[in-house]
Every structure is written in structure tokens, then in C-alpha cells.
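Here's a quick tour of one chain in a structure, put together for someone just starting out. Have a look at the picture, then read on.

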Amino acid sequence: MSRRPLVREVPPTSWYFHRPTYLRYMSREITCIFVAAYCVLLVVGLQRLAAGPAAYEAFLLGLKSADSIVFHLLALAASVYHAATWFGATHKAMPIQIGENFVQPGVISGAHYVVWLVLSFVILYLAGVF
Amino acid sequence: MTPMKELRVQLEVLRYNPDTDTEAHFQRYELTCPEEWVVLDALNTVKAEIDPTLNYRWSCHMAVCGSCGMMINGTPKLSCHTFLRDYEGTVIRVEPLAHFPIERDLVTAPDDFMEKLKRVKPYIIPKEKKPISEGEYKQTPAQLMKFRQYSMCINCMLCYAACPEYGLTPSFIGPAALTLAHRYNLDSRDGGRKERQEVVATHEGVWECTFVGACSEACPAHVDPASALQQMKITSSIDWIVEHLIPGGNK
């Protein structure tokens, strides 16, 4: 009897359509594009600030355009989704064992939300919002 | 006694005969089964009463041996643990485990997994060997709980069939083998982590994992391979920092 195993290749560019889990994974990966784009925007802003008041004013004016507002809303949604899914997974990477038991996942992700909130207020305070 | 409810079951099973076929094809079987039956029961009935040429693996029929893993409607599952009533009124598509070569019908070749399992040294490598006369290696319940979850693996390979990284990059050591490496690394009696790191902390090891998480969803033994791999990424990163960035760290 011959042994002739059949190998079925995974389609390299469309595999993530095969299961909802894969689609959820890819949707999270795609949010990185918005996170990266926003980082680039911040760097450009810093560069404009260094170039002088006129350049910075023009940059700020550009931020008020409709395209910019749409981008910011998309980037905000993508960042929130990225952060929430990351916080939801932190208990897997960083389990905390106390005695024989492990701290509940909700406590670990909840602590991340608290730190996020506190840091956000600190940044807003430093930015002079309050 | 209330009469047993019966279901009309339609199975669409992937067939491949290495002696005659160049491609796999689906074959439809229709049968009537009691509603509390599982997919494996239906396959056993097909083999006994309709088509004795159908090939598949099974053994315990109680989700312990890990032999009857198959793709059921595209999801890796143990066929002895998948109830027909959950698919009532639909055609149940049964295929061999994804990402493994098909030997015949629903039987896959597990050679690659077995080879990778050996590479991670999934056994205790004692920190210090002592003679039997000195007694057992003791462990507290807390030390046991640290790794207990990861010791529940039944080697069913569902996590490999679920993992797209393994499908795309077959050199990936994969979820179950790496999780077992983690299980022994976490064991207070073990001193073999450094040896395992040669396989674990590589591109083919944990760094091929991109945390899709499908392995943990697929696991019938409620092991969480995704968590084991992320934890090993952290410890491997700490190793690298200690070795490369801390003076005297590579001693």
C-alpha cells in the first residue's frame, strides 16, 4: 500500500475570510494602520512647531478640515478598539497567581482601564485643559 | 419512557484514496440518528451500515484520547464531543484536520507534530538529580496550580488545525508543543528551561505566533495555549534584555 499524503495549501491572501475568529484578528491588526498614521501626524506636528509659529498655525488650520476630522474619528475608533481588545487579553500574558488561585481576568483588564483613565487625565491636566 | 427523538442527518464527508485519487472530493451520506448522538456516532453508523470504506481515527469516545479531531463545518472539533442536534436541519461538512497532510479520508499524518513535540523536551529535566533513597520531589498545591492548566493537553492537534500561522508557516513549532514546553518550564521540579529556549525563543518558536487566539478557542481540554505563548514571549524578551543590555547579564 502506497503512502501518498495529500497536502492542502492555505490560501496566503484570503485565509482570514475562512473563520470569524480570523476576521476579528485581522480587523484588530488593521487598526494598527490608524495608530501608526496618527503617530506620523504627531511627528509632523512637532516638526511644524519647530519650523515656527506660522507653520504651526497652518498645521492647526489643516487639522480643522473635514478630511482631518474624519481621519481623527476613524483613528479614535480604531485606537479604542485596539486598546480594548488588548486590555481584554492582558490576563493571558500577565496572569497573577495568589496562593493557589489566579486573579480574575476582569480585575486585570479593569486595572488597565483605571490606569488608562488616570493617565489620560494627567495628560489633559498637563496640557492645561483643567 | 418517552420515545427517543430521532434526527435526519446529512453528512458531507471529504474522501481521499491515495491509491486512486489525485484530489479529494466530498461524498454525501444520509442517515437517521438519535438526537443525543455525536458526529462520531454518525460516522460509525456510516461505516457499519452504508460505506465500510470510510476511514477515520477514534478510540475513547469520551474526549480524552484526542484521536477523533476533525474539521466540522470548518471548525476543528473532536467528533465525539460534537452533538448532531447542534446542526439540526443542516448538512454537516466533515473534513480531516486542516494544516495536516491527508493520509486517507479523514485520517491525517501527525508526523510533523510528533517531531516538534520531541524537540521541546516535554518531560521533567530535574534541577538536580537525587537518588531514590532521598525520597520524592515535593511540590506544594500552589506550585502545581502554576502549570496545571497546561498539563491538560491531550495532543489532539485541534490547535494546530485552528492556527493560521501554522497553516501558512509549517515550520512553526505550534501551540500544543510550545504550551507543553511552558508547562515544564513552570514546574518547580524542572530545570530544563535553558535547553528548551533553544527551540522556544526562535522565529519558528514563540515569535512566529501573532496571537490570533484560535488555538485557545479550539482546545477541547480548556488549555489556553495562546496564554502560554504570550507568557513565553515575555520571559524570552526578559532573557534578551538581561543578556544584551545589562552589563554582566550574559554570564
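This is a predicted model: local features need pLDDT of at least 70, side-chain atom pairs count only at pLDDT 80 or more; totals for chains, interfaces and linings use all residues.

Residues are numbered from 1 along each chain as its sequence is written, while chains are lettered from A and ligands numbered from 1 in the order in which they are written.

**The whole chain**

- Chain B has nine helices and seven strands; helices (H or I, at least four residues) and strands (E, at least two) are DSSP runs, numbered from the N terminus.

**Where chain B meets chain A**

- Here 26 residues of chain B are in contact with 20 residues of chain A; contact is when the C-beta atoms of two residues, placed from the backbone, lie within 7 Å.
- On chain B's side, α9(B) gives the most, with five residues.
- By class, that side of chain B has 15 nonpolar, six polar and five charged residues. Ala, Val, Leu, Ile, Met, Phe, Trp, Tyr, Cys and Pro count as nonpolar, Asp, Glu, Lys and Arg as charged, and the others, Gly among them, as polar.

**A pair of helices**

- Helix α6 (residues 175-185) and helix α7 (residues 193-200) of chain B have axes that come within 10 Å and cross at roughly 160°; axes are lines fitted to C-alpha atoms, for helices over the stretch in contact, and angles run from 0 to 180 degrees between N-to-C directions.
- That makes α6(B) roughly antiparallel to α7(B), the word for angles over 145 degrees.
- Leu178(B), Ala181(B) and Asn185(B) in α6(B) meet Arg193(B), Arg196(B) and Val200(B) in α7(B).

**Around strand β3**

- In strand β3 (residues 69-72) of chain B, Gly69(B) and Met71(B) point one way, Met70(B) and Ile72(B) the other, and all are buried.
- β3(B) pairs with strand β4 (residues 75-78) of chain B in the antiparallel sense over four bridges; pairing takes at least two bridges found by DSSP.
- β3(B) and β4(B) form a hairpin with two residues between them, and Asn73(B) in the turn has a positive phi of about 50°.
- Met71(B) stands opposite Glu95(B) in β5(B).

Definitions and conventions. Angles under 35 degrees count as roughly parallel, over 145 as roughly antiparallel, 65 to 115 as roughly perpendicular and the rest as oblique. A residue is buried if 20 or more other C-beta atoms lie within 10 Å of its own, exposed if 12 or fewer, and partly exposed in between; C-beta atoms are placed from the backbone.
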